[in-house]
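I opened this entry to record what I looked up, in the order in which I looked it up. I began with how the chains relate, then went on to their contact and to one pair of helices.

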2 protein chains.
Amino acid sequence: MKLPQTVKIVEVGPRDGFQSINKWIPTDLKIEIISGLISANLNRLEVTSFVHPKAIPQMQDAAEVVHRVIDGYKGMELIALVPNYTGAKAAWEAGIKEVTYVISASEKHNIENVRRTKTESFADLRNIKELLPELTIKLDIATAFGCPFLGQVPVEQVLQMMEDSLKLGIDEVCLCDTIGIANPLQTESLLVKVITGYPGAKLSLHFHDTRGMGLANTLVALECGITTFESAIGGLGGCPFAPGAAGNIATEDMVNMLEQMGIDTGIDLPVLLQTAKTVKAKIVQELSGHLVSMC
Amino acid sequence: MKLPQTVKIVEVGPRDGFQSINKWIPTDLKIEIISGLISANLNRLEVTSFVHPKAIPQMQDAAEVVHRVIDGYKGMELIALVPNYTGAKAAWEAGIKEVTYVISASEKHNIENVRRTKTESFADLRNIKELLPELTIKLDIATAFGCPFLGQVPVEQVLQMMEDSLKLGIDEVCLCDTIGIANPLQTESLLVKVITGYPGAKLSLHFHDTRGMGLANTLVALECGITTFESAIGGLGGCPFAPGAAGNIATEDMVNMLEQMGIDTGIDLPVLLQTAKTVKAKIVQELSGHLVSMC
């Protein structure tokens, strides 16, 4: 088994996780959790979304969250999700240097998710790139492994999006298993094609644990040479199409597996678990993370 | 990725799963679940334990369960766990042709679990083998990947048990990750040593999903050539040392991953899921299986 020596974990709980929580999480509590994550040495974090408050009321304090984190901690790589140029501009003005922009590999999912065709999304992304040239952009390819509406997503569509992203000068592409349907064989197959086709691309992976295959897929990706993974504290983040389903891979489960295999993540697991316990105590009692369920 | 074409799943829910349920499961309900499992084409099942009713009251109907399954279904491979010769004799007399006998790789765990040293357990096993020569015996090596009392278990102790088992003429050895602590790198390392050292041994694997690594470990074992896995419907079966922890790998999650990767299990997943839903409705509301959590 050929594994990397180090792995970078991108914590997406405060964005992907919190946005799925229906009850309002006070800004102070958001900051408490983010502080806990930073204390565990997570230093690249998707902290919020600059979306319209009517679309996701939970994220209405985006600018305040960003200001408080920037003011409180030096040297953090903070990422914010933005759905369009307006969001990107607001993020930039709040001090954000890197944004996540989401386009689905599945046309149908893109329309359901952001009310645009993929072509329209790419045009918008080009606009952001031109108008905010200093902004670092990570493109999340949603439904890269399967779509809740159409089932299988042809690999060619993912490869075409890689092509388009690189032409556009996108800084990083994150392949997202939005509905947690990827299996290890499929993960290997897709990654081999993407890495062979686009050897210079900066890649990251975002798996959900919906069907229990999250860490198996992570293992395969590690063996393919991937060294950047997104995960969420406690396994936060679900799928609105699958009530009761597990969410993202829990960051603490990910760190545990990696460190047990001798891969350095730089994360302090006991401190991270304390933060997961805080999430459990103050935000969601039923977390899908495995380690936190034993706490 | 080199994967086998077919895999045999051994369902252990009615034994390993039910024994961890504190409230009495009526025999009729046990039979209903076992019937459901058989309907899904599971035909090798660990159906009960012939243990002293004071030790595990849940298993006091062992003989009745066996009789009813034998009477109701032809061609099933039924396995019963036995803790000693008395249990093995009772199982044999009830019509059982194959038993599971458990010895821990960790001496301390063996003493805590069965109140015997490993040497005493092996002597007892030899006694069973001599007095019931026609009985097929599967040896479960518990704590093969780690012990709740001692932590790491030296690989040499597992290899020595392989040696002793084969000398004794044991038919199959199942390496059990009793506390769900195995990581994929460790799984590969142990399996390479066991398979290289004992190429003729019939091996199976029994993983728990305690830390979310169950299917990742399964994947590695598949790549090492293992084609027999134990799992439990719904993810039943916990660890008394870790309240709240996930149990065995859920059979339906295992089948889903295998079939998605093109590996034939022979199992009818929709029928299996119906049975998992019955377990959820009638026995345990909080199951750790992923697919059943979405039902």
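Before comparing the copies, I noted how they are laid on each other: by least squares on the C-alpha atoms of residues with pLDDT of at least 70 in both. The pLDDT comes in because this is a predicted model.

Entry 1, symmetry. I asked by what turn chain A can be laid on chain B. A turn of 180° with a shift of 0.0 Å along the axis does it, and the RMSD is 0.0 Å. I wrote this down as the relation of a two-fold axis. I then looked for the residue of chain A that comes closest to the rotation axis. That residue is A:A216, with its C-alpha at 1.9 Å. I also checked the contact residues of chain A, and 100% of them recur in chain B, so the same surface serves both copies.

Entry 2, the contact between the chains. I looked up how many residues of each chain take part. On chain A there are 28, in contact with 28 of chain B. Next I listed the elements of chain A that give two or more residues to this side: helix 8 (184–197), helix 9 (214–223), helix 10 (251–260) and helix 12 (290–293). Helix 10 of chain A gives the largest share, four residues. By type, I recorded 15 nonpolar, nine polar and four charged residues on the side of chain A that touches chain B.

The crossing of helix 10 of chain A past helix 11 of chain A is left-handed. From helix 10 of chain A, the contact uses A:T251, A:E252, A:V255, A:N256 and A:E259. Helix 11 of chain A contributes A:L269, A:L272, A:L273 and A:A276. I sorted the residues of this contact into five nonpolar, two polar and two charged.

I noted twelve helices and eight strands in chain A. Its radius of gyration is 18 Å, close to the 19 Å that the globule rule gives for 295 residues, so I recorded chain A as being as compact as a globular protein of that length. Along its principal axes, the C-alpha trace of chain A spans about 45 × 45 × 35 Å.

Note on methods: Residues are numbered from 1 along each chain as its sequence is written. Chains are lettered from A and ligands numbered from 1 in the order in which they are written. This is a predicted model: local features need pLDDT of at least 70, side-chain atom pairs count only at pLDDT 80 or more; totals for chains, interfaces and linings use all residues. Two residues are in contact if their C-beta atoms, placed from the backbone, lie within 7 Å. Ala, Val, Leu, Ile, Met, Phe, Trp, Tyr, Cys and Pro count as nonpolar, Asp, Glu, Lys and Arg as charged, and the others, Gly among them, as polar. A crossing is left-handed if the near helix is turned anticlockwise from the far one by less than a right angle, and right-handed if clockwise. The radius of gyration is taken over C-alpha atoms; the globule rule is 2.2 Å times the number of residues to the power 0.38.
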